[in-house]
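Subject: Structure for you to look at

Hello,

The structure I promised is below, with its sequence.

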Amino acid sequence: MKMNNLKKNTLLQGMVSLYRLFFKSYRKRMAYCADDAHVAAPRYIVGHSNIRMEENTGIGPNSTILTPNAKFIIKKNSGCAAGLFVATGNHERRVGHFYSTITDKDKACDLDRDVIIEEDCWIGGNVAILSGVTIKRGTTVANGAVVAKDTVPYSVWGGIPARFIKFYWTIDQIIEHETQLYSVEDRYSKEELEDIFAKYQ
C-alpha cells in the first residue's frame, strides 16, 4: 500500500524525472558515444540505442532526438547548437484510418529513415533535421532551418524548408582544407568538387 502511495506522489515522480533527465547516464544507453562526445542537459531522447556520436561531437541543451526505429549518426568533429530537433520517423497517412491508429508494426517500412551528420558540420540553433536527411561534410546550417533533404558538401543552408544559400569556400580552399585534415582516399577530388559546384552555381 505504501509503495502505491509513493508511485502516485507527483512531487516524487517529478524528482525522479529530473534525476533521469540531468544525472542518469544517457551515454551508456547509446549504440556508441565517444569519450569526448556529449549532449548538454536538459535533453529529451527516445531511442538511445539507435544513436551514434563519434569523437569530438556535441549537441547543445534543450535538444530533442527521436530515433525509435532508425539511426541518428553524428560523425567526427561536428557540432550542433541548442534546440536541435531530430526525428528519424514519420507517421503514415492511410485512407480509412486515423494516423494515430497505425502502429509502428503496421506502417510502411520505408517511413523511418536514418539521419546522418557527416564530419566537420556546424548546425545552428533551433534546427530541425527530418527523417532520411544526410548533412554532408563541411555543411553549415543556419539558425531555425528545417532540413528536409540532403545538403551538399561545404555549403551553407537555411530557411524553411532549408535551401542552398552558397558554398562556404572556393574549390581551391576546400582542397587545401582537406589536404591538411584528411587522408588522400578520404578527400573529395577536384573533379568531384567541380561537378558539385556546377550543379549549384
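Start with Thr 151, whose side chain reaches the backbone nitrogen of Lys 136 at a distance of 2.8 Å. Bear in mind as you read that this is a predicted model. Thr 151 sits in the loop that runs between β15 (146-147) and β16 (155-158). Is Thr 151 buried or exposed? Its relative accessible area is 2%, and since the cut-off for buried is under 20%, Thr 151 counts as buried. If neighbours within four places in sequence are set aside, the residues in contact with Thr 151 are Thr 134, Ile 135, Lys 136, Thr 139 and Trp 157.

The overall picture

The protein has four helices and 17 strands. Its C-alpha trace spans about 70 × 45 × 30 Å along the principal axes. Of the 201 residues in the protein, 38% are buried. Among contacts with a separation of 6 or more, 23% are between residues 24 or more positions apart.

In α3 (residues 171-181), the buried residues are Ile 171, Ile 174, His 177 and Glu 178. They lie on the same side of α3, because the arc they cover around the axis is only 125°. Asp 172 and Gln 180 are exposed on the other side of α3. What lies over the buried residues of α3? The cover includes α4 (190-200).

In α4, the buried residues are Leu 193, Ile 196 and Phe 197. Their arc around the axis is only 100°, so they too are placed on the same side of their helix, α4. The face of α4 turned away from that buried side carries Glu 191, Ala 198 and Lys 199, which are exposed. The buried residues of α4 pack against α3 and also against β17.

Backbone points to check

For background, most peptide bonds are trans, and most residues other than glycine have a negative phi.

- The peptide bond between Ala 41 and Pro 42 is cis, with omega at about -5°. Pro 42 is in the loop between β2 (38-39) and β3 (43-46).
- The bond from Ile 160 to Pro 161 is also cis, with omega near -10°. Pro 161 is in the loop between β16 and β17 (163-167).
- Asn 56 is not a glycine, yet its phi is positive, at about 55°. Asn 56 is in the loop between β4 (51-53) and β5 (58-59). With a relative accessible area of 45%, Asn 56 is partly exposed.
- Asn 126 has a positive phi near 55° and is likewise a residue other than glycine. Asn 126 belongs to the loop between β11 (122-123) and β12 (128-129). Its relative accessibility is 56%, and because exposed means over 50%, Asn 126 counts as exposed.

The largest pocket

The largest pocket has a volume of about 250 Å³. How many residues line the largest pocket, and which lie nearest its centre? It is lined by 16 residues, and those nearest the centre are Gly 89, Asn 90, His 91, Asp 104 and Lys 107. By type, the lining divides into six nonpolar, six polar and four charged residues.

One more surface residue

Lys 28 is in the loop between α2 (10-22) and β1 (32-33). Lys 28 is exposed, with a relative accessible area of 75%. Between Lys 28 and His 48 there are 8.8 Å in space, C-alpha to C-alpha, and the two are 20 residues apart in sequence.

That is what I have for now.

Regards

Technical notes:
Residues numbered from 1 in each chain as written. Predicted model: local features only at pLDDT ≥ 70, side-chain atom pairs only at ≥ 80, totals over all residues. Heavy atoms only, no water. Buried < 20%, exposed > 50% of the residue type's maximum accessible area, 1.4 Å probe, protein only. Helix = DSSP H or I, 4+ residues; strand = E, 2+ residues; numbered from the N terminus. Arc of directions from axis to C-beta. Contact = heavy atoms within 4.5 Å. Polar contact = N/O pair within 3.5 Å; in protein donor to acceptor, adjacent residues only side chain to side chain. 1 Å grid on protein atoms, 1.4 Å probe; cavity = no way out; pocket = protein on both sides within 12 Å on 5 of 7 lines; lining within 4 Å. Points joined across faces, edges and corners; volume = space filled by probe spheres on them. Nonpolar A, V, L, I, M, F, W, Y, C, P; charged D, E, K, R; others polar.
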